[in-house]
Amino acid sequence: MLNQTSVTEFLLLGMTDIQVLKPVLFVIFLAIYFLSLAGNGAILIVVISDLRLHSPMYFFLGNLSCLDICYSTVTLPKMLENLLSTHRAISFLGCMSQLHFFHFLGGTEAMLVPVMAFDRLVAICKPLHYTVIMNHQVCIQMAVTVWLFGFFHALLHSVMTSHLNFCGSNHIHHFFCDVKPLLKLACGDTELNQWLLNNVTGTFAMGSFFLILLSYFYIIIYLFFKTHSCSMLHKALSTCASHFIVVILLFGPIIFIYIRPASGSSMNQDWIVAIMYSVVTPVLNPLIYTLRNKEVKGALRRVIRRRL
């Protein structure tokens with residue numbers, strides 16, 4: 001049950017109060033949103049429809065694209081609405097729902113990327129055992145575990161935040177409902193909430209980041225000592241580097257926002273950094289994971305030819 005509170009709605013102050021900038025920002029973020037939907041939607045369609053892409057790698061890539069579509073949709077439509085509207089209110093329940101789904105989808109993605117790195121590690125370092133280790137049942141179990149872990153991690157924050165007492169200002173200095181801005185508005189003791197944010201979410205993020213680093217480090221070391229082909233090594237390093245850009249863009253801002261002490265944070269810094277992992281990363285994922293992927297590009301061409 002939600003805590004009794006005098007606040008029934010919050011006002012999302014957004015990124016700027018300068019009126020001339022709002023239409024410009026609206027066009028920019030609307031274009032980004034459509035690019036995210038189009039790019040991730042295209043990947044999802046080809047992964048489902050093309051039998052040649054029914055493999056563990058593309059199964060997880062399809063999960064990532066599904067996550068990115070939903071992840072963008074949690075924050076961007078409301079932000080776009082507020083850029084054109086003078087009424088920037090969101091109900092208490094709506095705010096808690098947005099907070100929950102933002103952390104649910106973000107947490108799931110943060111767990112899925114290490115799984116994808118592990119899949120690449122097995123494919124490259126254990127090619128003869130790949131189909132045995134990464135069989136269909138194992139892939140399903142890993143995906144379900146990741147989604148469930150993300151859900152319960154988000155549930156922890158949404159339940160704990162909803163039980164806080166909000167009796168003062170209802171102005172959120174952000175473009176969506178998140179834990180840190182809401183903690184600044186709470187009247188009671190928020191020490192436990194802050195501890196959970198810094199330690200649970202921090203450990204969660206750092207653990208995932210460490211597993212990704214470990215996987216790619218092992219791949220690079222393995223290829224360096226095992227392969228005698230410079231072109232193969234260069235290709236693998238290039239692929240790892242492009243994937244690592246996604247990792248930095250996703251985990252860098254998360255670590256910056258959720259592990260820093262609340263006293264050392266600035267709301268202006270937080271929403272700028274939040275744009276990186278909530279808006280930019282979902283657009284870049286399709287480009288980085290598929291731009292040089294001949295199989296996906298070939299599948300896209302086949303789908304387009306069938307539609308014509």
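Q: What makes β1 and β3 paired strands?
A: In this predicted model, two bridges join strand β1 (residues 9-12) to β3. Pairing needs at least two bridges, so β1 and β3 count as paired. The two strands run parallel. Leu11 stands opposite His171 in β3.

Q: Why is one side of β2 and of β3 left without a neighbour in the sheet?
A: The sheet is open, with three strands in the order β2-β1-β3 and mixed pairing. β2 (89-91) and β3 (171-172) stand at the edges, and each has a single partner strand, so one side of each lacks a neighbour.

Q: Why is His103 called buried?
A: Its relative accessibility is 5%. Buried means under 20%, so His103 counts as buried. His103 is found in helix α3 (residues 92-125).

Q: Which residues does His103 touch, not counting residues up to four places away in sequence?
A: With heavy atoms within 4.5 Å as the contact cut-off, His103 touches Thr108, Gly150, His153, Ala154, His157, Asp178, Val179 and Tyr258.

Q: How does α3 run relative to β2?
A: At about 85° to β2. Helix α3 lies across β1, β2 and β3.

Q: How do you know what residues 100-118 are made of?
A: The span is 100% helix and 0% strand. Its end C-alpha atoms lie 27 Å apart. The unreviewed UniProt entry annotates residues 100-118 as "transmembrane region".

Q: What is the helix content over residues 20-46?
A: The chain there is 96% helix and 0% strand, with end C-alpha atoms 41 Å apart. Residues 20-46 also carry the "transmembrane region" annotation in the unreviewed UniProt entry.

Definitions and conventions:
Residues numbered from 1 in each chain as written. Predicted model: local features only at pLDDT ≥ 70, side-chain atom pairs only at ≥ 80, totals over all residues. Heavy atoms only, no water. Helix = DSSP H or I, 4+ residues; strand = E, 2+ residues; numbered from the N terminus. Buried < 20%, exposed > 50% of the residue type's maximum accessible area, 1.4 Å probe, protein only. UniProt positions renumbered as here; feature names shortened; annotations may be inferred. Axes fitted to C-alpha atoms, helices over the stretch in contact; angles between N-to-C directions.
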